[in-house]
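Please view the sequence and the model first, and then follow the text part by part.

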Amino acid sequence: MTVHSQGAVTAPQDAPPKSAGGQQTPPTTKGAGTSAPRRGRKPLPAGWLPYLLIGPAVLSLATLLLYPLAKNVILSFQKVDKIEFIQRKAPFNGVENYTQLLGDAHFWTVVLRTFTFTAANVALIMLIGSLVGILLNRLGTWMRLVLSMALVMAWAMPIVASVTVFQWLFDEQFGVMNWVMRTLGFSGYEQHNWFETGLSTLTIVTVLVVWGSVPFVALNMYAGLTTVSGELYEAARMDGANGWQTFWQVVFPNLKPFFTVTTFLEVIWVFKAFTQVYAMNRGGPDRASETLPVFAFVEGQSQGHYALAAAISVLTIVMLVIVMSFYFRLILKQEEEQ
Amino acid sequence: MKRKLIAAVGVAGMVIGLAACGGNDGDDKGKTDAGGAKEITVWVMDGSAPKAWIDAVNAEFSAKHPGVTVKVEEQQWKGIQEKVTTALSENTPPDVLELGNTQTAGYAVTGGLADLTKDKAKLGSDAWQKSMLASAEYDGKLYSAPWYAANRVVVYDKKAFAKAGVTPPTTRDEWIAGLDKLKAADPASQPIYLPGQSWYVLAGFIWDEGGDLAVKDGGKWKGGLGTPQAASAMEFYKKLQAYSTAPKDKDEATPQQSTDVVPKGGVASWIGLGWEAGGAEKALKDAGKEADFGYFPIPGKTADKPGTVFLGGSNLAVAERSKNKELAKEWLALAAGKDQMTKYAAETKGALLPNQAGANFTPAAGSFAEAMGKGGVNGRITPVTPGWANVETEPNPLKEFMTKVLKGEDAAKAGADADKEIASRINK
Amino acid sequence: MSTTTAPKPAPAAPASARPAQRLRKRRPLRPAAVAKNLGALVVAVVFVFPVYWMFSSALKPSGQILSKDPVFVFTPTLDNFTKATGVDLFWTYVTNSLVVTVGAVALALVVALAAGFAIARMKFKGRKGLVLGVMMAQMAPWEVMVIAMYMIARDAEMLNSLPLLTAIYFVMVLPFTIWTLRGFIAAVPVTLEEAAQIDGCTRGQAFRKVIFPLLAPGLMSTSLFGFITAWNEFAMVLILNKDKTAQTLPLWLTQFQTAFGNDWGATMAASSLFAVPVLVIFVFLQRKAVGGMTAGAVKG
């Protein structure tokens, strides 16, 4: 990869150095090169060194991300159902998939549901995560160790296993939650169905997603808090600020980038969450807990409408980009300020 | 047709296809030797092929085709459709693969399966059960060899039945009366465990009423759930389900009724397949309890005829893109041939009906297989059309229909909704 | 916060946090402190319970895993672990998982370091576009792209290939790695690097001797993130590698749910074993890694 990009640059000058340059390149990339300063010092810096450094990243992203993405977009303009898929045919059928989707009420329900689900989850994750992070910061060494170990364990649990365990906890017949409710003396939990409706299913999914995501936010929040120096707290206390005010006046401004970035990441992760939503109740009952990725899977792999699923994924990406453009600007601005 | 099958139990079959099979061997062996060591891959579903049996098939195959090894890969039912679809599109698909009988037509139409029409003689198709053959063919062509079939029966706890003074019923009325007695005798347990989405069971009830899951209307298929027949079938299902505390929105596999529910006790009867009964027995034994199961066919409306049941089963197909099609067909002919099928029936103790009457196993009195044989007389399969496979895939409209009605929705309305969905899928 | 403090949040953390902690600790127990600790305990229990349930189910005899009234006291058995590790090809799955995961993470680190350095320290045309691209790459919906990826791999005859799987996982974790490392590199004062160059270091040496050591927390946190992502990946390997000898551990986890009944004990035993490497790495790296995760991106 490096040789290729480098060759393209040197080629116009003269042919022979091409191979020599090729050998020279890797050391430079790795930052070791002894020959680099001798030959490359002057023509290099402004010119092609940065491109050389970003070359491998750009090329690999292009081949393994951009190309499949392009393939996906092309697929979304074709007709590929089970028959075409197995026969490896892909006739174009224009915007048929898109018109079908955009005219489908179910699709719009799913879109709305996905946004609501994402918003609720991210809000809960950020809120609970921050609170637990603050709690961590205020605990004694031992208790902090206990709590962070608990968080780390939750974080490290494989998703496949956590989904199964959560299904058990909320199982209608053998669930621990029904047992807990019964033991606490609540009636109606002899065999309460926690997955009765789409909403209740998504509520359980939310519990799972929040449970799985809070550790990331909490531990990072804690790490962030430790960078806020004690003096700032002291100063705030001198000014007579209470806990709440201290948070808004001292902690929040200092950790604003943390909140921006973490929220950004969580929005992406929750929006794309597939395993948790699908495995919990397969998008049921009656497709009422399908979010966009689950919808795409059900239409694509389960029903065999591969091209339609591609169209769903394209629309998903477009929507995500639009929603996130606000964040892009925010983060790019931070980029400029550095 | 099934009656004929039962009558033929124990009757020595004719030797069919084997001669043809032997004749073709010569050619193929030559090819194989020239090509050096070869391997064919066979996909069987988890639970379909007893190890002793498949080993015997492969031993015989290897003896006939020296240098050819057979790789058998067990597949899980979960997610199998997605897997088979992608596999059939690959350059090196499994050479032989097992397909559910309700799915075969769906794959036949894609061109992913090899056309076996010309190999009928080699495969010995004349001996096959006509009822099983139906699902293996599409549009007059043969795309797979029937392998086995099975149907559900009611499995009951003999002790619980004896305690309540209930004997196996032969009509629906007796069945319900018995369940009432069981309920009275032991209010804490379930007279029958029946989850809300056991749609194969419902299919039987619909057929009993003279309805069907889908019917051809002109050139197009349409769903049959919005009909009065389906409504009365569902009414009976609801009546039965009321005796159970099983979830209304789950099928028999979540949680697995045989291994996760029944072994815990408190279930006097349930509807299941042979392997489920076996699994429950084993789980009970593992837990230190004793299984004392009796079996009876699902009762019909009248005593002269058991209830109609869905005849589940599997076919064996050869992938169109297989690199070793001829060898694959040889293997298929061997596995689906009378000799091996006889062993197969014996190995499964008759709990899985072999593809030909001549291979049948005489089940022991009081066994699952015996009850299954009695009930199987009235066996039927889902509509044979490529689109049916689309209907069955999750989210399955039949299951949604059942849950809705069980939760109180009007059967006609829920049925009409389901029919709309079925129509949109089955005609694709 | 100035950029200078950012690269050392972890070392700085104990130092700055502890005095405050001690102050508080010396005071006699107050209701607030009790409530705080009690609250922490409750939170810890809530978070650890599912994990505990996984481990305890793995140790339960099969009949006691699902029951109307949950079983808390039981005679532990290792049967489930024996069963889980006794499956065919178990060690192949382990090797494959390790090769693919470690390979992807190592590749990502090397490539991301180079790119991150360029983005953080150099001005070049298209830099802003690259930053935007990297950010957007994090949104790549891999789960819904599996079919497109599958079709490409199938048509290129690259199914059942561990190198391809490694490459895919590498690209999955690359954007995050670039982004995080870029933040860490940017946080190292340019003056340090310049000083090194004045001392006669080449730019490469300056990077290796000055910047690289300061990146340790970033490297660890990104490796950890990459490890978790690649180690857990399921959808891609499921569709791409049907050949069992090219499969990884996440597929092993699901093979105990069969038609004969779901062997929950073995599933949970397998899941427990599967979680162990991540836990170990976590505990091992925790001090440095946690915080690095976003500290790089946050930059104070």
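How many residues does helix H9 of chain C have, and how far does this helix reach from its first C-alpha to its last? In this predicted model, H9 of chain C covers residues 203-214 and has twelve residues.

Four names make up the buried part of H9(C): C:Arg203, C:Ala206, C:Phe207 and C:Ile211. Viewed down the axis of H9(C), the buried residues fall within an arc of 95°, so they line one face of the helix. Against which helices do the buried residues of H9(C) pack? Their partners, which also belong to chain C, are helix H4 (90-121), helix H7 (162-187) and helix H8 (190-198).

**Chain A: annotated spans**

For chain A, an unreviewed UniProt entry places the feature "transmembrane region" at residues 48-70, 115-136, 145-170, 199-219, 258-279 and 306-328. Two of these spans are described in the table.

| Span of chain A | Distance between end C-alpha atoms | Helix and strand content |
|---|---|---|
| Residues 145-170 | 29 Å | 88% helix, 0% strand |
| Residues 258-279 | 31 Å | 91% helix, 0% strand |

**Chain B: domains**

Chain B is divided into domain 1, which takes in 2-149 + 311-379, and domain 2, which takes in 153-310 + 381-426. The C-alpha centres of these two domains of chain B are 29 Å apart. Their contact involves 27 residues from domain 1 of chain B and 26 residues from domain 2 of chain B.

On the side of domain 1 of chain B that touches domain 2 of chain B, at least two residues each come from helix H5 (104-108), helix H7 (130-136) and helix H16 (368-376) of chain B. H16(B) gives the most to this side, with seven residues. By class, this side of domain 1 of chain B has 13 nonpolar residues, 13 polar residues and one charged residue.

**Chain B against chain A**

Chain B also meets chain A: 19 residues of chain B are in contact with 23 residues of chain A. On the side of chain B that touches chain A, the elements giving two or more residues are helix H4 (80-88) and helix H18 (397-406) of chain B. The largest share of that side, three residues, is supplied by H4(B). Which classes of residue form the side of chain B that touches chain A? There are five nonpolar, nine polar and five charged residues on this side.

How values were computed:
Residues are numbered from 1 along each chain as its sequence is written. Chains are lettered from A and ligands numbered from 1 in the order in which they are written. This is a predicted model: local features need pLDDT of at least 70, side-chain atom pairs count only at pLDDT 80 or more; totals for chains, interfaces and linings use all residues. Two residues are in contact if their C-beta atoms, placed from the backbone, lie within 7 Å. Ala, Val, Leu, Ile, Met, Phe, Trp, Tyr, Cys and Pro count as nonpolar, Asp, Glu, Lys and Arg as charged, and the others, Gly among them, as polar. UniProt positions are given in the numbering used here, feature names are shortened, and annotations may be inferred rather than shown by experiment. The expected span of a helix is 1.5 Å times one less than its number of residues. A residue is buried if 20 or more other C-beta atoms lie within 10 Å of its own, exposed if 12 or fewer, and partly exposed in between; C-beta atoms are placed from the backbone. The arc is that of the directions from the helix axis to the C-beta atoms. Domain bounds come from an automatic or database domain assignment.
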